[in-house]
Amino acid sequence: MTVDALTDVPGLRVGHATRTGDGWLTGTTVVLAPEGGAVAAVDVRGGGPGTKETDALDPRNVVQRVDAIVLTGGSAYGLDAASGVMAWLEERGRGVPVGPDPAHVVPVVPAACVFDLGRGGDFRARPDAATGRAAVEAAAASEPGAIVPEGCVGAGTGAAVGDLKGGVGTAGVVLDSGITVAALVVANALGSAMDPETGVLYGELFQGRGRVEHPEPRVHAAARRRLAESAAKNAPTPLNTTLAVVATDAALTKAQAQKLAGTAHDGIARAVRPVHLLNDGDTVFALATGARPLVPDHPLALNDVLAAGADVVTRAIVRAVRSAQSVQAAGGMWLGYEELYGERERRRERER
């Protein structure tokens, strides 16, 4: 049974730690790999990234597998959340062995952050090591194949996409080969996820699942007015970032995983315009658990996985935007897409 989420890849678990109220509007999300770790890679295309341990993922370097990936709010300050995840892994002897004692390990925990500083009202309210520990504990406590909460949770708590509220989204697919490809995103882009002329989400135009229904003109006009009003009250957002983890149960080398991370950026470009700006820190991690071999002696067997990786990232961004609820805090107000355009869906329900 699949749940259309990153957890469709057997062995992967996701945990969120969310902080709201009293100046807080931020959080951390952890993707926990199965025992023994997963092959990992990364591709960074934003001009202002905030990352940790990404050099370790270079195919030329020694580390082959990682035990967790951390996505966090709090800009560079929030990268401290990875320390809490490292401590949790060390306590369980998980990491790169560095001595004769099995307890002598160094967990390699790559991490990336989004900018959400001050959105809750307190610039100093940002994730720390305790937040990271809470997120990895939530991941470890979850059931295999569990549904992943989406929207304003974890690293997506304080996210914004243009003038809309952003958040966490996830999606997965099983290919004809039986290989699973899935993604989890934190949508927090400087660019927009929505066509300003129609109100249609860019990502839905690329999903290829029938005709895309446009919002009624009066609904779109009202939404644009409300967005303009809320945006005028918010301080300009100088920095943003879209983060993604794209994963598969295919057996990939680090070089192949890096190719998957790179092509997955196409999924961001389909759903957000413009993308990969100097204000963004767009970063995609790739994980491969290795349970299913690619077709042997077929040099292009990876292509289906690459194409699916971009597709699930696009769908995950759409789900992030559609799942995000409106938020009003001391640091500003961000309206959710469904609050602005959901009348269309409610009307359909009444007509059924």
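What share of the contacts with a separation of 6 or more comes from residues 24 or more positions apart? I looked this up first. In this predicted model, such residues account for 78% of those contacts.

**Overall form.** Next I checked the dimensions. The C-alpha trace spans about 65 × 50 × 35 Å along the principal axes. I then compared the radius of gyration with the globule rule. A compact globule of 352 residues would have a value near 20 Å, and the protein has 19 Å, so the two agree.

**Inside and surface.** I looked up burial. Of the 352 residues, 54% are buried, where buried means under 20% relative accessible area. The accessible surface comes to about 14,700 Å². Carbon and sulfur atoms hold 52% of that surface.

**Charges.** I noted 34 positive and 40 negative charges. Their mean positions lie 4 Å apart.

**Helices and strands.** I found 8 helices and 17 strands in the protein.

How do strand 1 and strand 2 run, parallel or antiparallel? I found that they run antiparallel, joined by 9 bridges. Strand 2 covers residues 24–32.

Terms used: Residues are numbered from 1 along each chain as its sequence is written. This is a predicted model: local features need pLDDT of at least 70, side-chain atom pairs count only at pLDDT 80 or more; totals for chains, interfaces and linings use all residues. Side-chain values use heavy atoms; hydrogens and water are left out. Helices (H or I, at least four residues) and strands (E, at least two) are DSSP runs, numbered from the N terminus. The radius of gyration is taken over C-alpha atoms; the globule rule is 2.2 Å times the number of residues to the power 0.38. Buried means under 20% relative accessible area, exposed over 50%, partly exposed in between (1.4 Å probe, protein chains only). Contact means heavy atoms within 4.5 Å. Accessible areas come from the Shrake-Rupley method with a 1.4 Å probe; for residues, only the protein chains shown count as cover. Lys and Arg count as positive and Asp and Glu as negative; His and the chain ends are not counted. The place of a charge is taken as NZ of Lys, CZ of Arg, CG of Asp or CD of Glu. Two strands pair if DSSP finds at least two bridges between them.
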